[in-house]
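User: I would like to learn how to read a structure such as this one. Please take me through it step by step.

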Amino acid sequence: MNALYVMLGLPAVGAILFVAIHNTRLAGWLNIGVSAASLAASVLLAWAVMQQGSLHNDNFLVDSFNIYLLVLTTFVGLTTAIFSRPYMQHVCEEGRCSTVRMRLYHSMFQSFMFTMLLALSTNNLGVLWVTVEGATLATVMLVSIYRTPEAVEAAWKYFILCGVGIAQALFGTILLYFAAQHVLVNPEEGLNWLTLQQHSAELSPTVMAIAFVFLLVGYGTKIGLVPLHQWLPDAHSEGPTPMSAMLSGLLLNIALYAVIRVKMLTDSSLAATQHPHMAGHLLMGFGLISFLIAGLFLHRQRDIKRLFSYSSIEHMGLATFAFGIGGPLATFAALLHMLVHSLTKSSIFITVGHATHIAGTQNIEHIRGLIRTQPTVGWGLLFGVAAIAGFPPFGIFTSEFLLLNATMQSWPWLSVLLLIGLGIAFAGLFRHLHPMVYGATPEGQSAVKVNMIPVAIQLLLVIWIGLAMPAFLAGWLDQAVQLISGKGLL
Amino acid sequence: MADLLNPVDWLLALLQVLLFALAAPLLAAWVKRIKSRLQNRRGPSLLQPYRDLRKLFRKEARVANSASPLFRAAPYVVFSATLIAASTVPLLAVHLPTAILADVIVLVGFLALARFFLALAGMDVGSAFGGMGASREMLISALAEPAMLMAIFTLTMSAHSTNLSSVIQHVLDSGLLLRPSFLFALLALLLVAVAETGRIPIDNPATHLELTMVHEAMILEYSGRHLALMEWAAQIKLLLYGVLISNIFLPWGMAQQLEPLPLLIGLAAIAGKLMLLGVVLAVSETLVAKMRLFRVPAYLNLAFLLGLLGMLSHVILEVGV
Amino acid sequence: MNLAQLGLLEQSIFVLVALALFLSFVLLSQARLTTMIHVFAWQGFLLALLTAIVAALGDNPHLYISALLTFLLKVLLIPAMLHRLIRRLELERHQERLQKQALVMMAGAALVIFSYWVVLPITHMELAHIRNVVSLSLAIVQLGMLLMVARRQVVAQVIGFMSMENGLFLAAVAATAGMPLVVELGIAFDVLVAAVLFGVFFFHIRDSIDTLDVDQLTRLSEEER
């Protein structure tokens, strides 16, 4: 438990501290330090969870489902912090961002980490809502940090759409609390997840069904499920690139995590009714639509960051679909997919950040011949996109393969749609990728100072997971599968 | 329910209609007087409308060359339709033999008949003002009627009857209840009443300004006894709305038996309620400025919305199983 | 269910909820920003009053705190902030041209019916009137959304956002006698931060595109640029 408090406390302290630090260089290094310390704390926490099983008290809950997301969040937080230091310095040198805004940037970076970690580790569904909303508020300022008209517009859209969406989730939470109050001895505990889970079979199915729809729409806005995704490409493309990496790699996962927690309650409450799989079917529908439509949109993108944000929608759709199918195999695939997608997507965004600095624009048409100008960036992008498109031996291939297997078992016809969708997305990514990496180098394009170590580490991890999944990770995921779907895979 | 063939009851009903007709100018005078006081004027005597009516009845009625027989008939039709409408509204006692007639839809129908002839008469002579007034009147009434029906249906839904006497009895029986639907219906009816009786902010009965007048424009060509009947009908209409609102929403004090003492109490109660309502009307007319004609639809939309909300809140909050 | 079985205080809850719903409609039809802020403050006042009544009825002392919190936040602080903002943005006399007014109002009425339909299946609970209040608060939430969709002016959109929040608060108070205190404080904090952020954004938007009309926010779309 102490490790948990340290992990939560560090970014909270950091958020306050960075407001006061005027030296941008120092703040950049300290940001890395705080993130590294959080990662260390989360690894310690993971160690403790491995030894003792789940840890919980009235306020916090760490079990096999969220521990891997906690470690993932702190890890991607650290790699992004490493990337953001030289990247933001470059931005400052270009004069796009003043010292005051850099203080804001670092402070919000850590506030964002804090709200996400709290969202993952809280035992209270109400606090979960508050922190997800808090994460929105923290990132809104980050999206608009360049103060260009586009950035302000993107931030406004993000703010309004997510605000509206998340309000629906609060209504769902209220209904959930309402249902819980009628079955619990101590109604004050009505949002306590562990208590709710114990009594989930007694919760009123009608109330839970309505509550789930509202929660899905609310958190689904944050996941970026079509048709609630409008904010996502804008926010990703106009904000600073480290932010895009964290939004895509982490925030979307957390919203999905919230939906899955609620789905577990809903499933057990609806088990005895005529529609026991209502929640799963909704997830499948939303997930599949997001997957297919985002795949199509990949083809017409002109902005490199918008391109990859649509790819995020596509992959979150896939994970949502997998959770919707349910059953151990699909759930395992979904959990694995969340993990490898986060690692790959954040590394892609880091590479894209470098690529835009090389080309001086985010416009795909003007990013050409990266592999000749700066081979590390070119290769990084190539490998990253290969990974995200689902090439073996990368981990995404594994998770997509497992998902296809699960679909074949339970919904054979949908696997055809899945294959078509994967093909569309593959083509959409590669038609843009090829000229960017291999095309003729424009005049005067020169290399910039980059740090590709985080990218390399993340992509290697993805390959490692794809080739030979470490036993402890498989064990964790299997425990999480057991928790979510009721029976283990292994 | 009173015996249908009891002659005393019928006599009472007739007396009530007479009282309606006789008291109508008094209410108009009362509102005018309060308004004058609010504007720091002394104002005319309470009997002034009676004197005006007497004067008009004595004068010769002049009729334009281009007028058709309809023009002559219209004042009588308008007056009698308004009076019959008034006879359906319980004034002092809840139950009278006319109670079987006292249906809100009948009431709205008679008022519509009166308005129809009023508008026809306005257009009959062919003067520009008459036509203008008639078209404005029809615009206002076309928007006001749905709002009024919506409000009234809200009431009748809670009472399960469109009969005014039953509605009033229902309200009396259920005692003091805070019903959101009644609150909305009351507000809607107040707005509609202001529009229908041609008061500020929709119309100003005290002026003959070409650009703004509605009711006065239609009766501009009338004189003598015709004009007197038209004016009187308008006053009865004002009283009718006042009685309708005060007796439906605050029915306490109305006579439930047809005996002298309850009837006297009923008379005192309705007089008190109407005086209060008159003060409210006068104050609002003093505070509010007349609105431009093209904003009237928005005003009446508000009334309709209130009526609709009343019905929705009745269904959702009060009936919901 | 019969109203007559409930006490006067319980009846007054219905009246307050219905009035809050009416104020949502007023917000929807109001073109003047200053008036909108006043109406919003009144809605907050109804909410605070209602919370206090629920607290008195159910003997929930912690609801008094949230009533006070609501009063401070939604009746005093946020309206005052909004007033100050529109003074600084010189929008006091701003009057928006409302588009398709009748259609919006009808859509609003349809949303009320829709909200009722959504919660209608909750029948087994012994307290049907709670469900009815929940349906109206859902309607207030949806009307807030409609306001945000129908209006092109950012301040009006923010008021829509805040009135949506009012509806949610109402649902929490009516259905569950408030959320646990931690959550309630968290929500209040979020609302406050959101209000401050909105204020900051007004200036950003005005500085970057010289207007506070959302129709001008069209740089980012999937259409060809």
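User: How many helices and strands are there in chain B?

Analyst: Helices (H or I, at least four residues) and strands (E, at least two) are DSSP runs, numbered from the N terminus. Chain B has eleven helices and zero strands. This is a predicted model, where local features need pLDDT of at least 70 and side-chain atom pairs count only at pLDDT 80 or more, while totals for chains, interfaces and linings use all residues. Residues are numbered from 1 along each chain as its sequence is written, and chains are lettered from A and ligands numbered from 1 in the order in which they are written.

User: What is the radius of gyration of chain B, and what does the globule rule give?

Analyst: The radius is taken over C-alpha atoms, and the rule is 2.2 Å times the number of residues to the power 0.38. For chain B the radius of gyration is 20 Å, close to the 20 Å from the globule rule for 321 residues, so chain B is as compact as a globular protein of that length. Its C-alpha trace spans about 60 × 45 × 40 Å along the principal axes.

User: What percentage of the residues in chain B is buried?

Analyst: A residue is buried if 20 or more other C-beta atoms lie within 10 Å of its own, exposed if 12 or fewer, and partly exposed in between, with C-beta atoms placed from the backbone. In chain B, 50% of the 321 residues are buried.

User: How do I read one helix, say α4 of chain B?

Analyst: Start with length: the expected span is 1.5 Å times one less than the number of residues. Helix α4 (residues 104-124) has 21 residues and reaches 30 Å from its first C-alpha to its last, close to the 30 Å expected.

User: Which residues of α4(B) are buried, and what do they pack against?

Analyst: An α-helix has 3.6 residues a turn, so residues three or four places apart point the same way. The buried residues of α4(B) include B:Leu107, B:Phe110, B:Leu111, B:Ala114 and B:Leu118. Two residues are in contact if their C-beta atoms, placed from the backbone, lie within 7 Å. The buried residues of α4(B) pack against α3, α5, α6, α8 and α9 of chain B. Just after α4(B), B:Gly126 takes a positive phi of about 90°.

User: How many residues of chain B are in contact with chain C?

Analyst: Here 18 residues of chain B are in contact with 21 residues of chain C. On the chain B side, α11(B) gives the largest share, nine residues.
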